[in-house]
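This text walks through a predicted model. The contact between two chains comes before a single residue inside one of them.

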Amino acid sequence: MAEIEELKKLAQLVQSKKGRMDAREREQTSHLITAVFTRETLDPAEILSSLEVFQSEALAQAVGQAWPSLSRERRDLFSQWLPEPKTEKAARRIAILAAAVVEVDGVAALGWLSRLIPQNPKAKLTRETSQIFATVFFGSKPLRFIRLGDEAGHPGKLVRVLRALLQVVVDDHYAIETMPRYRLIEDILTIISQRDLVGNDESKTILARIEIEIKRWPQALIDQLVETLKRRIPDAELLLDKRLPKGKSVPSTPGQIAYGQSAEPRSEAQISTVGAKTRIKSTLEQHIASLTSQLEELGSLANLLTEEERLKKELERGLQETQLRESSLQVRVKQMSEELEDAVTKLKAASTRIEELERASKSTKESMEIERQRLTQQISANASGRVEEFKNNLALVLSRLIRDLPARDSHLTADVGNIVFLQFHQFLDVMDGQGVKIKKGKGAV
Amino acid sequence: MVSFGIDFGTTNSSAVKHVESVEPLRFGDDAGRPLPSIVAIDKGLGEAECGRHVWENRDEYVESGNYHVVRSVKWNLGTEKVWETESRIWTAEDIAAEILKKLSTRAETLGLEPITHAAISIPVGYPPAARAALRSAASKAGIEVSAFVTESTAALIRYLPALRHCHHVAVFDWGGGTLDISVLRMDGQRVYEIATEGMDIAGDAIDNDFAKAIHARNMELRKQNIAFESMPSIDRDNLRIKCETAKCQLSSQESTQILLTSYGGQTLNERVDRAWFESLISVHVDLAVDLLSRTIEGAKLSFDAINRIIVIGGSSNLRLLHSTLSADKRFAGAILTSEEAEWAVAEGAAMVEGSKGGYETAESIGIILSDNSFYELVQPGERVFANPRSVSLSLVEDSKQANIIIAKRGLDAQNGTVARIMEFGVDTLGFDLEQIDLSYSINDDLILRIEALSRALGSRARGIREYDKLRFGYHL
């Protein structure tokens with residue numbers, strides 16, 4: 001129970017982070033899902049509603065680990081939960097999960113993958129689904145698809161899935177490397193042979209595509225394909241003969257004879273009976289008819305491919321031009337937006353500055369007027385005050401000299417007269433010292 | 001910006017109005033000199049009179065018996081002393097307010113606005129109660145005290161442009177009543193007072209000694225033996241005034257005459273040569289210079305370390321002082337004098353009011369905890385904060401009293417020298433971990449106030465202490 005609770009909490013956390021998960025959280029999620037599905041005491045139904053929140057990689061890791069040991073019921077429970085591919089995310093999730101089980105449970109993988117492929121055989125795989133397939137199935141991890149051919153799988157679904165996978169792998173747009181291509185084609189040929197689907201109409205198209213693809217391979221790889229298929233399937237030669245490039249040696253085990261050479265020994269000279277001749281003729285006619293039909297089919301396929309290629313290039317060119325124009329326009333719009341923003345900012349700053357300057361100017365004028373009045377008052381007060389203080393100071397100095405001056409009506413002795421006389425001279429000296437020039441008589445030195 | 005500074009001096013007071021880029025305006029008496037700080041209170045009418053007239057006739061005022069003559073109210077501020085008249089009782093605050101009003105009125109007389117705010121200079125170590133009383137007196141005179149600044153710092157700020165790149169400056173402030181010498185350290189934008197000395201031998205003492213010497217000469221001439229103090233008060237006042245005038249004249253003249261038509265009933269005619277006068281006052285000057293050297297030594301500085309000696313105050317114009325300092329190799333190169341030396345402190349105070357500067361603590365203040373560790377309350381370099389801060393303490397034993405120990409740690413106390421500055425007890429309920437709330441502030445008067453109480457007992461057991469001897473630096 002603790003695992004279920006913990007998983008639910010984790011789901012809430014991931015949901016709060018809008019689906020973002022770090023490596024540790026992915027690991028933890030995978031561990032918990034594996035535990036819930038594999039422990040008999042726990043009911044996986046309780047966590048199904050939370051699974052949609054988690055990243056597909058975490059889910060795939062858990063499914064990949066748990067699937068081999070799961071009971072039929074639990075596998076079905078999971079398959080029933082798996083949401084329909086209504087969104088790209090859901091489609092990607094199905095692809096990733098299919099990739100996780102494709103090597104252990106081909107039937108399940110086939111069932112899930114078939115949900116991604118249109119029912120109509122003529123309908124094409126969408127660009128998005130193709131991209132998902134290219135990334136998930138033919139990326140860094142090498143996968144084998146042989147289990148898709150398990151007996152329980154529906155042949156119609158099987159062929160559609162194989163055709164879709166092949167369509168992706170051979171499309172140069174996805175630039176899938178040669179070895180993944182090789183592995184898929186090896187598995188497809190094996191499956192078609194083992195499930196006896198060679199005569200199926202859709203299988204024919206698949207084989208035609210394979211033939212075109214194989215022609216682009218190096219001879220060594222072709223040789224390896226032949227060797228491998230010979231080991232896997234008994235009638236490999238019959239399947240391969242028509243599809244391998246001629247003039248190249250096809251290595252074979254000692255004692256085996258290539259299919260192309262087997263017709264010549266059975267020439268007319270060696271056939272004695274008419275019935276036998278008729279059968280041979282009939283077989284050859286059938287063979288010629290089949291070849292003609294295949295040739296026509298290939299011709300139309302080649303035309304189709306050429307036309308598709310031309311349209312694709314045209315569309316790509318158009319798209320590229322549009323992207324360039326869009327990018328150029330975006331740059332221009334961005335520049336203009338920045339210029340506009342800059343101009344608005346400058347305008348605002350200028351308006352603010354003007355207001356500030358106006359306020360400062362007004363304030364300065366007022367301050368200047370106040371200051372002018374203050375200074376005028378101060379200068380005037382200072383000037384008149386200084387004059388008054390000078391007079392008062394002079395009066396103070398003089399009054400100090402004559403503070404003992406006898407009263408006007410007092411009788412003066414010679415001594416007192418002498419002192420008064422000297423004080424009078426001191427008086428004159430002080431006046432002189434204070435800058436008040438008084439003209440004295442000749443004897444007054 | 002307009003700012004005012006007031007030098008509330010022992011003998012003279014002055015005010016200065018400072019406006020940037022304009023010649024400062026000075027307010028003293030009506031002759032443009034500093035206002036004598038003397039106040040005479042009519043015992044009958046209860047009216048006060050202050051200024052030069054009272055100063056020049058002080059003995060006459062005293063001996064008339066009709067007046068209380070308060071020669072320097074500055075040092076009575078913050079005390080309980082009162083002066084009773086028939087109509088009212090005068091406190092020291094009332095008398096100080098009269099002097100400050102007179103300065104403010106002088107501004108109005110000159111057609112300017114009265115003084116409504118000012119920075120006031122005070123001596124170093126001026127008691128907290130006196131500062132509070134001075135603030136109150138200013139308020140009575142309609143003046144809001146924006147800041148107190150020490151007289152030496154104010155003088156330094158006045159001459160700051162000439163003191164760039166100086167590290168140590170001495171301020172030699174020789175006024176009428178006292179000689180105050182401070183050594184200040186300039187540390188970047190901060191000014192610290194590192195040593196202060198003072199003596200009360202100043203201009204008034206010189207005038208008095210000069211008058212007594214002339215009296216003695218005259219008595220010798222008359223072949224009489226009457227003590228100066230026994231002469232009529234009017235004659236003593238007259239002779240003192242004549243001597244003060246002669247003292248000023250001898251700064252620029254070789255000789256002068258002291259003349260009185262009546263001194264003890266006879267005329268007085270004494271010629272005074274500068275040499276004789278200077279021999280008379282050389283004792284005073286030597287004492288002053290000696291105090292200067294002792295102050296510098298007290299600051300633990302060499303004489304070379306003093307970059308400038310600012311010589312200010314009314315008595316700093318004495319010619320003998322200048323020649324003595326200039327002849328002394330220890331001081332000769334550092335002397336900075338000014339003709340306007342009497343106004344320097346008030347001008348500096350005005351500049352303080354107009355600046356963004358202020359006092360900052362020069363030491364760390366903290367509390368000693370029970371484990372003898374020092375818990376810092378105020379960091380060095382903090383500005384005054386009148387809004388109290390608080391801290392919660394707990395009793396560590398079941399005691400009925402919490403002992404609060406406040407200490408300070410100097411700036412240079414990297415070794416952690418902590419000195420206790422006050423200690424007091426606060427009553428508690430007496431349980432272990434009982435909470436004691438301690439709040440503290442440093443007000444604009446630079447007084448540290450600590451208040452502690454037990455939360456359990458509440459405000460009825462509140463303990464309050466003040467400390468006024470913190471060291472501050474002035475941030476320019």
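Where chain B meets chain A, 37 residues of chain B and 30 residues of chain A take part in the contact. The two chains bury about 2,800 Å² between them, and 49% of this area lies on carbon and sulfur atoms. On the side of chain B, the most area is lost to chain A by K242(B), L259(B) and T261(B), which together make up 20% of what that side buries.

In a salt bridge between R400(A) and E56(B), the side chains meet at 2.5 Å, N to O.

Several elements of chain B supply at least two residues each to the side that touches chain A: the strands β2 (12–19), β3 (25–27), β15 (255–263) and β16 (266–273), and the helices α1 (52–56) and α7 (233–249). Of the elements on that side, α7(B) gives the most, with seven residues. By residue type, the side of chain B that touches chain A holds twelve nonpolar, twelve polar and 13 charged residues.

Now turn to one residue of chain B. C166(B) sits in the loop between α5 (151–158) and β12 (168–174) of chain B. Is C166(B) buried or exposed? Its relative accessible area is 11%, under the 20% cut-off, so C166(B) counts as buried. Leaving aside residues up to four places away in sequence, C166(B) touches M186(B), N307(B) and R308(B). A305(B) is 139 residues from C166(B) in sequence, yet their C-alpha atoms are 9.5 Å apart in space.

How values were computed. Residues numbered from 1 in each chain as written. Chains lettered and ligands numbered in written order. Predicted model: local features only at pLDDT ≥ 70, side-chain atom pairs only at ≥ 80, totals over all residues. Heavy atoms only, no water. Contact = heavy atoms within 4.5 Å. Buried area = accessible area lost by both parts, 1.4 Å probe. Salt bridge = Lys/Arg side-chain N within 4 Å of Asp/Glu carboxyl O. Helix = DSSP H or I, 4+ residues; strand = E, 2+ residues; numbered from the N terminus. Nonpolar A, V, L, I, M, F, W, Y, C, P; charged D, E, K, R; others polar. Buried < 20%, exposed > 50% of the residue type's maximum accessible area, 1.4 Å probe, protein only.
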